[in-house]
Amino acid sequence: MTTVRCRFAPAPSGSLHVGNVRSALFSWLWARHHGGAFVLRVEDTDASRVTDEAIRGGVEDLRWLGLDWDEGPEVGGPYAPYRQSERADIYRAATEDLLASGDAYRCYCTEEELRARNESATARGEAPGYDGTCRDLTDGERAAHEAAGRAPTVRFLMPDQTWVVDDLVKGEVRWAAGELRDFVIVRADGSPLFLLAVAVDDLRMGITHVVRGDDLLSAAPRNIAVIEALGGTPPVYAHVPQVVGPDRKPLSKRHGSTSVEHFREQGYLPEAMVNYLALLGWSPGDDREVLTRDELVAAFDLARVSSNPAAFDTEKLTWLNNHLIQGLEDDDLAARCVHFLAEAGLGVDPVLLRQAMPLVKERMKTLREVVDLLAFLFSDDVTPNERATALIAKAPEGYLKAAADALDVLGTWDAAHIGEQLDALATSAGLNRTKGWQPVRAAVTGSNVSPPLPESLELLGRERTVARIRACA
RNA sequence: GUCCCCAUCGUCUAGUGGCCUAGGACGCCGCCCUUUCAAGGCGGAAGCACGGGUUCGAACCCCGUUGGGGGCACCA
């Protein structure tokens with residue numbers, strides 16, 4: 001029995017976007033479901049556009065989401081290194097093997113020549129793609145090219161046969177002989193290309209299942225060809241459909257912020273992201289929508305992944321976020337809120353914060369919203385906003401002063417008694433509860449919207465409450 | 001152009017020939033609850049892209065059309 005080994009191999013480009021993360025999640029879920037290993041590998045063969053910063057971003061995102069890896073950056077592993085830019089020797093050796101066995105050849109065509117031939121092929125109504133010019137060069141021709149100073153690329157000789165990929169998600173996908181052309185695996189400067197590196201790494205790292213976006217579906221037969229030429233057995237592929245935006249176009253920069261980092265900063269829970277993303281293109285088969293990480297791992301099955309592209313819906317993510325926030329223990333929730341409060345410049349009293357959780361948890365769509373909800377508790381700068389000002393202005397003459405006086409001498413300072421007192425005040429002024437309480441809410445919180453009033457005042461304390469009401473009276 | 005992938009409510013999906021007068025969730029609408037805002041409860045509107053087959057019977061099978069998307073790079 002072979003152990004399942006899955007991998008996630010992002011091209012580092014800063015914080016991962018939610019589409020990439022979903023591929024990573026599916027790969028991770030499959031590995032964990034089978035008790036196998038999850039490998040993280042950095043695909044930075046195109047070194048020109050990679051920065052350490054970008055790599056760190058992706059690593060942080062995965063850690064935050066709780067998609068832990070058994071092998072890869074920061075943790076090492078038996079197949080290290082896990083950065084393609086550090087595996088040059090391995091690719092060089094593979095290239096030598098391929099060249100020696102005749103599965104690859106040196107190609108002297110220049111980019112201009114290739115482009116020109118592609119254009120004329122297209123003009124003739126023929127399919128573009130490499131025409132095999134350098135496939136069977138004689139030694140003399142090769143020598144002539146070398147003498148002319150042409151630096152060759154290495155091109156993989158794609159066997160002229162039907163290719164079949166038995167994909168876990170897409171089913172059996174086939175390409176007729178001749179459709180897949182020879183492709184470059186090593187640049188003229190000697191650096192390896194993606195199509196060489198993935199195949200070599202998946203083979204050498206013992207990957208059994210490749211879960212990735214279906215934009216790579218057509219790369220699969222080429223990956224398989226290289227692996228087989230190297231004498232290996234290809235992994236099983238599972239190409240999951242793209243995540244698209246509301247406009248049904250693949251997720252990209254123009255959809256605004258779709259990075260994991262963005263959602264983290266907005267105060268989305270990693271649990272919500274994981275739960276939501278898992279449901280994007282997959283379902284457990286029953287009506288469950290809210291699942292814990294363990295439940296996801298237990299229920300996940302690549303065969304149940306939908307084969308059509310899914311649109312990312314922030315509304316549902318947000319609902320799930322609020323739903324999960326409501327289920328959090330108060331201590332846990334409070335701890336997660338601290339960062340946002342601090343970021344907003346509010347000095348946080350941990351005890352008070354903890355006590356305030358029951359008042360705000362069903363009101364928070366994101367953790368960030370705790371700032372607006374509880375600012376009145378952690379700052380005495382409660383300049384009433386426009387609507388609050390209007391409410392205060394509308395209060396009957398002397399109403400707020402009476403409220404301050406009454407609360408100042410209230411026997412027991414707790415929500416129940418405060419509520420009774422507020423009601424008594426409203427009644428004596430001939431106001432209903434809504435009309436009677438709003439001016440007080442406005443004076444104390446500076447807003448027309450706040451957590452439940454009596455409970456809020458209890459937490460605020462008599463002194464601060466009375467002072468604020470007097471200031472507005 | 002060519003090859004490949006895809007097609008159930010606005011969105012995510014259940015559905016693998018009769019259990020479907022198509023189920024759930026988000027969103028939306030209405031009502032209830034209610035100190036604001038939420039949350040919650042109840043109810044509602046909303047869908048099998050189109051056309052041909054196959055079959056006693058098609059959301060489910062086949063073909064075509066249309067519409068999306070991806071590949072055909074010395075990107076990944």
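This is a predicted model: local features need pLDDT of at least 70, side-chain atom pairs count only at pLDDT 80 or more; totals for chains, interfaces and linings use all residues.
**Close-up views of strand pairing, pockets and a cavity**

**View 1. Val-210 and its bridge partner in β9.** The bridge partner of Val-210 in strand β9 is Tyr-237. The strands β8 and β9 run parallel and are joined by five bridges. Strand β9 covers residues 236–240. Four of its five residues are buried, so the strand is mostly covered, where buried stands for under 20% relative accessible area.

**View 2. The largest pocket, with a volume of about 1,100 Å³.** The lining of this pocket is made up of 39 residues, and those closest to the centre are Pro-10, Ala-11, His-17, Asn-20 and Asp-215. At least two lining residues come from each of β1 (5–8), α1 (18–33), α6 (194–204) and β8 (209–213). Helix α1 gives the most, with four residues. Sorted by class, the lining of the largest pocket holds 16 nonpolar, 13 polar and 10 charged residues.

**View 3. The second largest pocket, with a volume of about 280 Å³.** A set of 14 residues lines this pocket. Val-371, Asp-372, Leu-373, Ala-375 and Thr-445 are the lining residues nearest the centre of the second largest pocket. Helix α14, which spans residues 370–378, gives the most to this lining, with five residues. By class, seven residues of the lining are nonpolar, five are polar and two are charged.

**View 4. The largest cavity, holding about 90 Å³ of space.** Its lining consists of 13 residues, of which Pro-10, Val-42, Ile-55, Gly-58 and Val-59 are closest to the centre. Searching the whole structure gives one cavity of 30 Å³ or more. Helix α2, residues 52–65, supplies the largest share of the lining of the largest cavity, five residues. The class counts for this lining are 10 nonpolar, three polar and no charged residues.

**View 5. Pro-10 in the linings of the largest pocket and the largest cavity.** Pro-10 is among the residues closest to the centre of the largest pocket, and Pro-10 is also among those closest to the centre of the largest cavity.

Conventions
Residues are numbered from 1 along each chain as its sequence is written. Chains are lettered from A and ligands numbered from 1 in the order in which they are written. Side-chain values use heavy atoms; hydrogens and water are left out. On a 1 Å grid over the protein atoms alone, a cavity is a set of points where a 1.4 Å probe fits but cannot get out, and a pocket is an open set with protein on both sides within 12 Å along at least five of seven lines; lining residues have an atom within 4 Å of a point. Grid points are joined across faces, edges and corners, and a volume is the space filled by probe spheres set on the points. Ala, Val, Leu, Ile, Met, Phe, Trp, Tyr, Cys and Pro count as nonpolar, Asp, Glu, Lys and Arg as charged, and the others, Gly among them, as polar. Buried means under 20% relative accessible area, exposed over 50%, partly exposed in between (1.4 Å probe, protein chains only). Two strands pair if DSSP finds at least two bridges between them.
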